[in-house]
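Here is a short briefing on one protein model. Keep the sequence and the 3D view open as you read.

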Amino acid sequence: MKIVGLIAAAMATLSLASAPSLAQKKSGVDKLYILDCGEGIAGDISRWSPGVNVGKSMPFVDNCYLIHHTTGWMMWDTGLSDAIAAMPDGQAPSDPRMTHWKRPKTLASQLEQLGVKPSDIKFVAISHTHPDHVGNVEMFPQAMLFVQKAEYDWPGANNAPRFKPEHPVTKLEGDRDVFGDGSVTIISTPGHTPGHQSLLVKLPKTGALLLTGDAVHFKSNWDNRGVPESNFDKGKSAASMQRIADVLAKEKAQLWINHDKAQRDTLKMSPQFYD
Ligand SMILES: [Zn+2]
């Protein structure tokens with residue numbers, strides 16, 4: 001009896017001692033903020049869903065996500081350039097069917113409100129290199145950038161590189177467990193651009209979220225699996241949407257669509273957060 005009691009006591013002590021580190025290992029991510037990184041009007045949404053709603057305009061939003069992990073801060077997408085905030089009428093697109101963007105708030109001011117300095121950001125991962133997602137990458141010159149090699153190597157206008165060559169970078173070829181504990185995972189979803197990626201975040205209370213980038217642009221397009229006319233690879237776009245559906249089912253995750261204003265209107269914006 002005595003020995004059994006001792007063993008039981010020792011085991012209880014052991015499990016108590018190991019409980020916090022196990023819990024921490026389970027999900028080191030503890031906060032996610034949605035930042036307002038742009039608001040605009042899409043001129044003709046049939047651009048994103050060919051043949052459907054021709055000539056119809058729709059409000060779009062542009063989100064950045066600030067994620068806190070016990071080992072550091074991470075940004076997912078950096079939104080439209082903060083410089084647009086200073087333009088009284090925003091940035092009109094070259095093609096009126098595209099999106100006329102405004103920036104009611106800067107990214108810098110939203111970070112400041114939270115007491116987070118740009119130099120506090122350890123990792124920046126971007127869904128893809130369109131200007132409404134990479135506008136402020138160089139606000140974080142010290143942060144390790146996670147980008148697919150296919151995206152990094154994709155020549156920009158006039159063959160220009162898409163990032164400053166001196167920016168620290170990890171070029172990915174597929175998925176990546178960012179913090180090594182399964183709490184934040186980059187999911188390769190090519191098609192919209194050559195190296196488009198999405199982000200799976202597992203929060204302790206909210207549960208799993210899948211942040212789409214532009215693998216899907218708005219809810220009805222997701223429901224109908226619409227592939228935008230300007231996507232780099234339409235076959236891969238469709239395959240990536242199927243992959244997203246599979247991840248949602250497997251992880252019981254919510255789908256958060258970056259540009260979907262109707263959905264964002266139902267979500268808490270920074271300084272409120274999800275945990
Ligand atoms: Zn976009």
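**Salt bridges**

Asp-36, Glu-39 and Arg-264 are joined in a network of salt bridges. A salt bridge here is a side-chain nitrogen of Lys or Arg within 4 Å of a carboxyl oxygen of Asp or Glu. The model is predicted: local features need pLDDT of at least 70, side-chain atom pairs count only at pLDDT 80 or more, and totals for chains, interfaces and linings use all residues. Residues are numbered from 1 along each chain as its sequence is written, and side-chain values use heavy atoms, with hydrogens and water left out.

- Side chains of opposite charge can pair when their charged atoms come close.
- The count by this rule is 14 salt bridges.
- One of them joins the side chains of Lys-102 and Asp-89, at 3.7 Å from N to O. Lys-102 sits in strand 4 (residues 99–102) and Asp-89 in the loop between strand 3 (72–76) and strand 4, so the pair ties together parts that are 13 residues apart in sequence. Helices (H or I, at least four residues) and strands (E, at least two) are DSSP runs, numbered from the N terminus.
- Lys-102 is partly exposed, because its relative accessibility is 39%. The cut-offs: buried means under 20% relative accessible area, exposed over 50%, and partly exposed in between (1.4 Å probe, protein chains only).
- Lys-149 and Asp-153 also form a salt bridge, at 2.8 Å from N to O. Lys-149 is partly exposed at 35%, and Asp-153 is partly exposed at 41%.
- Lys-261 and Asp-265 pair at 2.9 Å, N to O. Lys-261 is partly exposed at 30%, whereas Asp-265 is exposed at 52%.

**Helix 6**

- Helix 6 covers residues 234–251, which is 18 residues. From first C-alpha to last it reaches 26 Å, close to the 26 Å expected at 1.5 Å a residue. The expected span is 1.5 Å times one less than the number of residues.
- Which residues of helix 6 are buried? They are Ser-237, Ser-240, Met-241, Ile-244, Ala-245, Val-247 and Leu-248.
- Seen down the axis of helix 6, the buried residues fall within an arc of 165°, so they line one face of the helix. The arc is that of the directions from the helix axis to the C-beta atoms.
- An α-helix has 3.6 residues a turn, so residues three or four places apart point the same way.
- The buried residues of helix 6 pack against strand 10, strand 11 (207–211), helix 5 (219–223) and strand 12 (254–256). Contact means heavy atoms within 4.5 Å.
- The face turned away from the buried side of helix 6 carries the exposed residues Ala-249 and Lys-250.
- At the start of helix 6, a side-chain oxygen of Asp-233 comes within 3.1 Å of the backbone nitrogen of Gly-235. This is a polar contact: a pair of N or O atoms within 3.5 Å; within protein, one must be able to donate a hydrogen and the other to accept it, and residues adjacent in sequence count only if both atoms are side-chain atoms.
- Just after helix 6, Lys-252 has a positive phi of about 50°.

**Two buried residues**

- Gln-197 lies in strand 10 (residues 197–203). Gln-197 counts as buried because its relative accessibility is 0%.
- A polar atom of the Gln-197 side chain lies 3.0 Å from the backbone oxygen of Phe-146.
- Gly-79 is in the loop between strand 3 and strand 4. Gly-79 is also buried, at 0% relative accessibility.
- Not counting residues up to four places away in sequence, Gly-79 touches residues including Cys-37, Asp-62, Cys-64 and Arg-103.
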